[in-house]
Amino acid sequence: MTTALITGATAGIGAAFAGRLARSGYQLVLVARDTERLERSAADLRGRFGVEVEVLGADLATDRGIADVEARLSDGDRPVDLLVNNAGFGNRGAFSAVPLQDELDMLKVHIEAVLRLTTAALPGMRERGRGAVVNVASVAAFLPRGTYGASKAWVVSFTQGVMRDLGGTGVRLMALCPGFTRTEFHQRAGMGTDNIPGWGWLSAERVVDEAMRDLARGRSVSVPSKRYKLAVAIARVLPSGGLGGVSSRAARSYRTN
């Protein structure tokens, strides 16, 4: 049986990955901070799809949490064939208004955890000659705006660089860069979304469906939906100074609760 480990698996894109993979017959390892909620998700997936689901409570903003997931990924007797590094969060407000520790916690989850968990998963995958890692980034990776966008830009660059190093091994890496997606992300960060037009939103299920198709095609970056593909293409050719101005104005108009 093929096994997938998903971080941030209780809601949004992580939960959509869990449902999609369970429907395809994957055994699952679900990782998140809220163990009680994980258990409910696991019971639901077992009941609906008849797959084995393991629960691993871990806070990836801590060394202990990352180490617990590293140990599971390194277990050669229970190999993980697909790692989805999905856990993440945003901080409300301008850079100068966010406490430094909150920014450091974000970097721990978005960068250190992704680095360490990918590093833990790859040796077994290379030895078996197969496997994949999906690192969830964001279209914000292409906008020079704040710690969130900078951390997601690191995810994209890291993923593409490691993917090149793994050529010919049978192991694939892909950075998933969704735009606005209907999840709990903004609510948890205390961000209002009333001024985001309806056409700007994607469903988590659509994001995951397009991600799985792009992974099967061997792409190193997946940007779901044509509208966001166009936005990223424009962002890549605009001068960074002008783009920074656009993103700053957008941020000022982005209301918070």
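Reader: What is the strand order of the open sheet, and which strands stand at its edges?

Author: This is a predicted model, so local features need pLDDT of at least 70 and side-chain atom pairs count only at pLDDT 80 or more, while totals for chains, interfaces and linings use all residues. Residues are numbered from 1 along each chain as its sequence is written, and side-chain values use heavy atoms, with hydrogens and water left out. The seven strands run S3-S2-S1-S4-S5-S6-S7 with parallel pairing (strands are DSSP runs of E, at least two residues, helices are runs of H or I, at least four, numbered from the N terminus; a pair needs at least two DSSP bridges). Each edge strand has a single partner, so one side of it has no neighbour in the sheet: that goes for S3 (53–57) and S7 (221–222).

Reader: What does helix H2 touch on the sheet, and what angle does its direction make with that of S3?

Author: Helix H2 (residues 35–49) packs on the sheet against strand S2 (27–32) and S3. Touching, or contact, means heavy atoms within 4.5 Å, and angles run from 0 to 180 degrees between N-to-C directions, with axes fitted to C-alpha atoms, for helices over the stretch in contact. With S3, the direction of H2 makes about 170°.

Reader: Which residue in S6 is the bridge partner of Ala-132?

Author: Strand S5 (residues 131–136) pairs with strand S6 (residues 171–176) in the parallel sense, over six bridges. For Ala-132, the partner in S6 is Arg-172.

Reader: And in S5, what is the bridge partner of Val-84?

Author: Val-84 sits in strand S4 (residues 82–85), where it points the same way as Leu-82, while Leu-83 and Asn-85 point the other way, and all are buried (under 20% relative accessible area; exposed is over 50%, partly exposed in between, with a 1.4 Å probe and protein chains only). S4 pairs with S5 in the parallel sense over four bridges. The partner of Val-84 there is Val-134.

Reader: Which residue in S4 stands opposite Leu-5?

Author: Strand S1 (residues 3–7) pairs with S4 over three bridges, again in the parallel sense. Opposite Leu-5 stands Leu-83.

Reader: How do the axes of H4 and H5 cross, and are these helices roughly parallel or antiparallel?

Author: The H4 and H5 axes come within 9 Å and cross at roughly 15°. Among the residues that meet are Met-106, Leu-107 and Ile-111 in H4, and Trp-154, Val-155 and Phe-158 in H5. Angles under 35 degrees count as roughly parallel, over 145 as roughly antiparallel, 65 to 115 as roughly perpendicular and the rest as oblique. H4 and H5 are therefore roughly parallel.

Reader: Where is Asn-135, and what is its relative accessible area?

Author: Asn-135 has its place in strand S5. Leaving aside neighbours within four places in sequence, its contacts include Asn-85, Val-114, Phe-158 and Met-174. Asn-135 is buried, and its relative accessible area is 0%.

Reader: What about Phe-49: what is its relative accessible area?

Author: Phe-49 lies in helix H2 and touches Gly-19, Ala-22 and Arg-23, not counting residues up to four places away in sequence. Leu-21 is 28 residues from Phe-49 in sequence and 9.8 Å from it in space, C-alpha to C-alpha. Phe-49 is partly exposed, with a relative accessible area of 26%.
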